[in-house]
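User: I would like to learn how to read side-chain features from a set of coordinates. Please take them one at a time.

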Amino acid sequence: MMKRMSMDDRLAATRFDSDDANAHIVIDKEACRTCSHKACTYSCPAERYKWDAENDVMTFDHVGCLECGNCRLVCERLNERRPGYDWNYPIHGKGFIAKEG
């Protein structure tokens with residue numbers, strides 16, 4: 001019988017082959033200022049979204065994204081693909097690669 005892996009062990013077994021030049025998620029950092037809840041900052045398990053309250057700006061780094069779609073579910077702008085926002089899976093062969101187990 002195979003031992004069940006903890007989430008920490010699963011994440012430790014991941015690797016990323018990011019397409020650094022082409023982010024698969026695009027946000028309008030300036031428009032994010034008007035968001036009242038900033039749900040992406042606490043719904044992203046990889047903590048790719050950061051709210052810099054001092055400078056009043058959202059930052060996002062697609063490298064290390066788990067491609068789970070949580071940000072798309074909680075952000076009405078990503079969900080509706082408003083101008084300046086887009087969510088796609090990375091091109092074939094790039095992105096998050098999980099080891100089964």
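This is a predicted model: local features need pLDDT of at least 70, side-chain atom pairs count only at pLDDT 80 or more; totals for chains, interfaces and linings use all residues.

User: How many aromatic pairs does the structure hold?

Analyst: The structure holds one. Tyr 49 and Phe 60 form a tilted pair, with 4.5 Å from centre to centre and 35° between the planes. Planes under 30 degrees apart would count as stacked and over 60 as edge-to-face, so a pair in the remaining range is called tilted.

User: Where do Tyr 49 and Phe 60 lie?

Analyst: Tyr 49 is in strand S3 (residues 49-52) and Phe 60 is in strand S4 (residues 57-60), so the pair ties together parts that are 11 residues apart in sequence. Tyr 49 is buried at 4% relative accessibility, and Phe 60 is buried at 15%.

User: Which residues have the most contacts inside the largest nonpolar core?

Analyst: The general idea is that in soluble globular proteins, nonpolar side chains tend to be buried together. Here the largest nonpolar core has 16 residues, and those with the most contacts inside it are Ile 25, Ile 27, Tyr 49, Met 58, Cys 71 and Leu 78. Leaving out residues up to four places away in sequence, Cys 71 touches Ile 25, Cys 40, Ser 43, Tyr 49, Leu 78 and Trp 87.

User: How many salt bridges does a search of the whole structure find?

Analyst: Side chains of opposite charge can pair when their charged atoms come close. The search finds six salt bridges. One of them joins Arg 33 and Asp 56, at 3.9 Å from N to O. Arg 33 lies in the loop between S2 and H2 and Asp 56 in the loop between S3 and S4, so this pair ties together parts that are 23 residues apart in sequence. Arg 82 meets Glu 76 at 3.5 Å and Glu 80 at 2.9 Å. Salt bridges with shared partners also join Glu 30, Arg 33 and Asp 56 into one network.

User: Is Lys 38 buried or exposed, and what is its nearest side chain of opposite charge?

Analyst: Lys 38 is buried yet has no salt bridge, and the nearest side chain of opposite charge is Asp 56, 5.9 Å away. The cut-off for a salt bridge is 4 Å. Lys 38 is found in the loop between strand S2 (25-26) and helix H2 (40-43).

User: What does Lys 38 lie over?

Analyst: Lys 38 lies over the face of Trp 51, at 4.3 Å from the ring centre. Beyond its neighbours within four places in sequence, Lys 38 is in contact with Cys 32, Arg 33, Trp 51 and Met 58.

Conventions: Residues are numbered from 1 along each chain as its sequence is written. Side-chain values use heavy atoms; hydrogens and water are left out. Rings of Phe, Tyr and Trp (its six-membered ring) pair if their centres lie within 6.5 Å; planes under 30 degrees apart count as stacked, over 60 as edge-to-face and the rest as tilted. Helices (H or I, at least four residues) and strands (E, at least two) are DSSP runs, numbered from the N terminus. Buried means under 20% relative accessible area, exposed over 50%, partly exposed in between (1.4 Å probe, protein chains only). A charge sits over a ring if NZ of Lys or CZ of Arg is within 6 Å of the ring centre and within 35 degrees of the ring normal. A nonpolar core is a set of buried Ala, Val, Leu, Ile, Met, Phe, Trp, Tyr and Cys residues joined through side-chain atoms within 4.5 Å. Contact means heavy atoms within 4.5 Å. Lys and Arg count as positive and Asp and Glu as negative; His and the chain ends are not counted.
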